[in-house]
Amino acid sequence: MRQGLGRWWPPLALLAGAVGVWEVVVRAAHVPDYLFPAPSSVVSSLHRDGSLLASATLVTLREIALGYLLAVAIALAIAVVLHFSEALRRALLPLLVLSQTVPTVLLAPILAILLGYGIAPKLVVVAVVCFFPIVVNAVDGLRSADPELVRMMRTLHGGRLAIFHRVELPGALPAIFSGARIAATYAAVGAVFGEWAGSSSGLGFVILQAQPALDTARIFAAVVILSALALALYALVTLAERVLVPWQPEAPHA
Amino acid sequence: MPAKGAGLSQLLLKPKIPTLRGVAAEGVVRVLRGRRVLDGLDLQVPFAGRVGIVGRSGAGKSTLLSLLAGLDEPDAGRISVAGTSAPHDRLAFCALMPQRDCLLPWRSALDNAGLALENAGLPRREARRRAAPLFERLGLAGSERLLPAKLSGGMRQRVAFLRTLLADKPVMLLDEPFGALDAITRAELQQWLSDALAVEPRTVLLVTHDVEEALLLCERVLVLAEGRIAAEFHVNVPHDGPRRAVVTNPAFVHLREQALEAIE
């Protein structure tokens with residue numbers, strides 16, 4: 001943001017170009033809307049199904065936001081516990097990696113059976129999908145504190161907690177935010193998986209309903225909104241990093 | 001990690017225990033990676049004494065400071081600081097200023113300076129209140145709220161020194177405090193340190209590879225070579241007066257030549 005909007009132009013121009021080509025090709029080849037809708041059809045669907053999509057968006061947004069917060073809270077708690085206990089770290093970290101090999105898609109129906117059709121199973125799916133990159137980055141970040149800073153703290157009345165709170169935790173923030181940014185891009189997908197396993201509202205549900213009706217434009221409209229939600233979450237996390245990590249020379253990411 | 005803050009905060013907040021005994025080491029041996037870095041080292045520094053330790057790099061200067069500070073234990077021999085020799089107590093009595101300034105990049109200059117006070121349990125506001133007057137007095141006024149990244153190397157080193165000073169410990173171990181600075185800033189900071197120590201006297205061990213610096217700042221200079229004290233010089237040249245007059249004083253020049261010879 002410091003460099004102004006300049007660096008947004010190349011990706012925006014590329015995106016606009018791609019959308020333009022898509023529109024021209026679909027129209028020129030007379031591709032029917034149910035097979036592959038032109039961008040203009042997606043836009044008109046966004047307009048036509050506005051109220052339906054808006055209420056579905058609110059439902060999914062809630063799942064994403066709450067699920068993501070849940071993931072951050074759980075991930076940080078686990079990371080701190082693992083940081084303080086070498087034994088637990090050795091025992092639990094491999095199991096956490098193992099947990100990531102379980103396909104979340106398969107987890108969602110089981111959660112729906114366990115937790116019903118409300119918001120709870122969606123939050124759990126979003127949290128399960130999001131927490132891993134945050135935990136791994138946070139554990140690494142906490143462990144990579146500069147040993148010289150730790151020595152310095154010990155000679156300046158610094159106990160274990162002071163070292164954690166004044167050196168290790170602030171030092172780990174950039175790593176934690178890296179994980180949080182990666183997780184932010186997973187959250188929307190997690191919410192859709194959750195909705196597909198059983199729901200009566202939300203953008204995932206809209207997609208499920210539009211599919212048998214061959215309303216492909218509406219599916220695309222829902223996907224566009226989902227992308228926008230993921231992007232907004234990513235931007236929000238990046239903004240939070242700028243505010244909370246002001247000593248970083250320059251965030252190297254978009 | 002054996003560090004424990006509770007006992008220290010009491011020390012800091014109550015009137016200081018009179019520490020009549022300074023620093024002593026007897027027959028200290030430390031083996032690192034198969035090499036006897038320190039090999040039967042003896043050392044005596046009286047309370048409020050100011051001793052410089054010079055030597056080639058790798059002579060064991062930093063190892064010695066780590067041992068004195070209680071961050072490390074000798075393989076043989078005894079170390080006592082202010083009359084105690086348990087590592088935890090040594091840690092309580094020594095403040096170590098490392099070679100790198102080690103300022104915390106997320107804390108302002110003032111909050112870096114007050115770090116030890118906060119570690120000892122004081123609220124941040126109180127730590128700031130105590131650190132602020134020293135900023136004024138030691139030529140740092142105006143930089144209180146800057147993050148370390150915005151400070152020059154010399155300023156950072158001053159803040160690091162203030163932080164060590166504010167730990168309020170009887171013994172200060174300075175490990176090449178000006179090693180990373182250019183010659184002009186270094187001369188400026190040597191003068192500044194000398195003034196600061198006149199305001200706040202402490203037992204000081206200054207490790208440096210710069211013989212002139214040691215002779216300018218200390219009453220006694222020890223040459224560390226092959227793991228023990230190889231030579232000892234009493235600086236009986238007046239320190240006051242303009243720096244150039246001091247360093248060109250024939251007695252000073254003679255002392256410097258002798259010390260340099262002892263290092264080689």
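What radius of gyration does chain B have, with its 264 residues?

## About the model

This is a predicted model, so to speak a computed picture: local features need pLDDT of at least 70, side-chain atom pairs count only at pLDDT 80 or more, and totals for chains, interfaces and linings use all residues. Residues are numbered from 1 along each chain as its sequence is written, while chains are lettered from A and ligands numbered from 1 in the order in which they are written.

## Overall form of chain B

Chain B has a radius of gyration of 18 Å, which agrees with the value near 18 Å for a compact globule of 264 residues. This radius is taken over C-alpha atoms, and the globule rule is 2.2 Å times the number of residues to the power 0.38. Along the principal axes, the C-alpha atoms fill a box of roughly 50 × 45 × 35 Å.

Chain B contains eleven helices and nine strands; these are DSSP runs, numbered from the N terminus, with helices (H or I) of at least four residues and strands (E) of at least two.

## A hairpin to look for

Now find strands β1 (residues 23-32) and β2 (residues 35-45) of chain B, which pair in the antiparallel sense over eight bridges. Two strands pair if DSSP finds at least two bridges between them. Val29(B) stands opposite Asp39(B) in β2(B). Two residues lie between the strands of this hairpin, where Arg33(B) takes a positive phi near 50 degrees.

## Where the chains meet

Chain B gives 26 residues to the contact and chain A gives 17 residues; two residues are in contact if their C-beta atoms, placed from the backbone, lie within 7 Å. On the side of chain B that touches chain A, α1 (6-13), β5 (94-97) and α5 (115-119) each supply at least two residues.
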